[in-house]
Amino acid sequence: MKSVLLLLLSTLVFATTQQNDPLLVFYRHVLHNLHINQKARLQTRSDSLKIASNKIDRFVNIDANVFYAQTKADQLQNSFHTSQITLSDTIDIFNKNAAELQLLHLSAKQNHIKQMLQKEQIFTLLVQMVGEYNKTVWKIKKDQQTLEQQTRFSNKLALAVKAGAQPRMEYERFLNLLALLRSRIIEEQNRATTMKNSLALY
């Protein structure tokens, strides 16, 4: 519990100092789209109403019973009606519902912790997803730079092979390595696109 609260506190401090951080802006956007804060407010309001209702019921617990009947006897010309209304008001002088009230308070705290954990999980997931996406984009950039450099070297190697300074087998092996690098770049680009589309769903 302490570790969760410390993490949330550190996140809050970070958020207050980095309000315009793109990740936090995106995080708030996700919370808005998923209606997380709205659901949390409604849950808190519901818990508060339950607790308030329980406190009121201790002093006002009205019970009403209504009975109505219509009787028709063969010997009587008209039928007659019977109505009975019973009202009772029970006051919990000895606070017998204290245990139930305590359970409601505990349930409210539990719901609050669940809301905080949900926000923490969403933030952690977004950090992981954005981090992995940025890492993939960085790898693509580096691999493309490597491909450009190696392509220029390949052109020089082709001239050396043509001049008979290098064996053709070595040149073909180098071309195979370039083909593998191009294939890896395409896979990384597809992966980056998939991750970007997944983030866009939020």
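I began with Glu-170, which is partly exposed at a relative accessible area of 33%. For the terms, I took buried as under 20% relative accessible area, exposed as over 50% and partly exposed as in between, with a 1.4 Å probe and protein chains only. The model I am reading is predicted, so local features need a pLDDT of at least 70 and side-chain atom pairs count only at pLDDT 80 or more, while totals for chains, interfaces and linings use all residues. Residues are numbered from 1 along each chain as its sequence is written, and side-chain values use heavy atoms, with hydrogens and water left out.

**Entry on Glu-170 and its partner.** I looked up what the side chain of Glu-170 meets, and found a salt bridge with Arg-173 at 2.7 Å, N to O; the term asks for a side-chain nitrogen of Lys or Arg within 4 Å of a carboxyl oxygen of Asp or Glu. Both residues lie in helix H5, three residues apart, which is about one turn of the helix. An α-helix has 3.6 residues a turn, so residues three or four places apart point the same way. Arg-173 is also partly exposed, with a relative accessible area of 45%.

**Entry on helix H4.** Helices here are DSSP runs of H or I with at least four residues, numbered from the N terminus. H4 covers residues 98–162, and I noted that its 65 residues reach 94 Å from the first C-alpha to the last, close to the 96 Å expected; the expected span is 1.5 Å times one less than the number of residues. After H4 comes Gly-164, whose phi is positive, near 85°.

How many salt bridges does a search of the whole structure find? The search finds four. In one of them, Arg-191 pairs with Glu-132, and the closest N and O atoms are 2.8 Å apart. Arg-191 lies in helix H5 (residues 168–200) and Glu-132 in helix H4, so this pair ties together parts that are 59 residues apart in sequence.

I then turned to Arg-184 and Asp-143, whose side chains meet in a salt bridge of 2.9 Å, N to O. Because Arg-184 lies in H5 and Asp-143 in H4, the pair ties together parts that are 41 residues apart in sequence. Arg-184 is partly exposed, with a relative accessible area of 41%, whereas Asp-143 is buried, at 10%. To see what surrounds Asp-143, I listed what it touches, not counting residues up to four places away in sequence: Leu-181, Arg-184, Ile-185 and Glu-188. Contact here means heavy atoms within 4.5 Å.

**Entry on aromatic pairs.** I found that the structure holds two aromatic pairs. One of them joins Tyr-27 and Phe-123 edge-to-face, with 5.1 Å centre to centre and 80° between the planes. This pair links distant parts of the chain, as Tyr-27 is in helix H2 (residues 22–33) and Phe-123 in helix H4, 96 residues apart. Rings of Phe, Tyr and Trp (its six-membered ring) pair if their centres lie within 6.5 Å, and planes under 30 degrees apart count as stacked, over 60 as edge-to-face and the rest as tilted. Are these two residues buried or exposed? Tyr-27 is buried at 13%, and Phe-123 is buried at 15%.

Definitions and conventions. Helix = DSSP H or I, 4+ residues; strand = E, 2+ residues; numbered from the N terminus.
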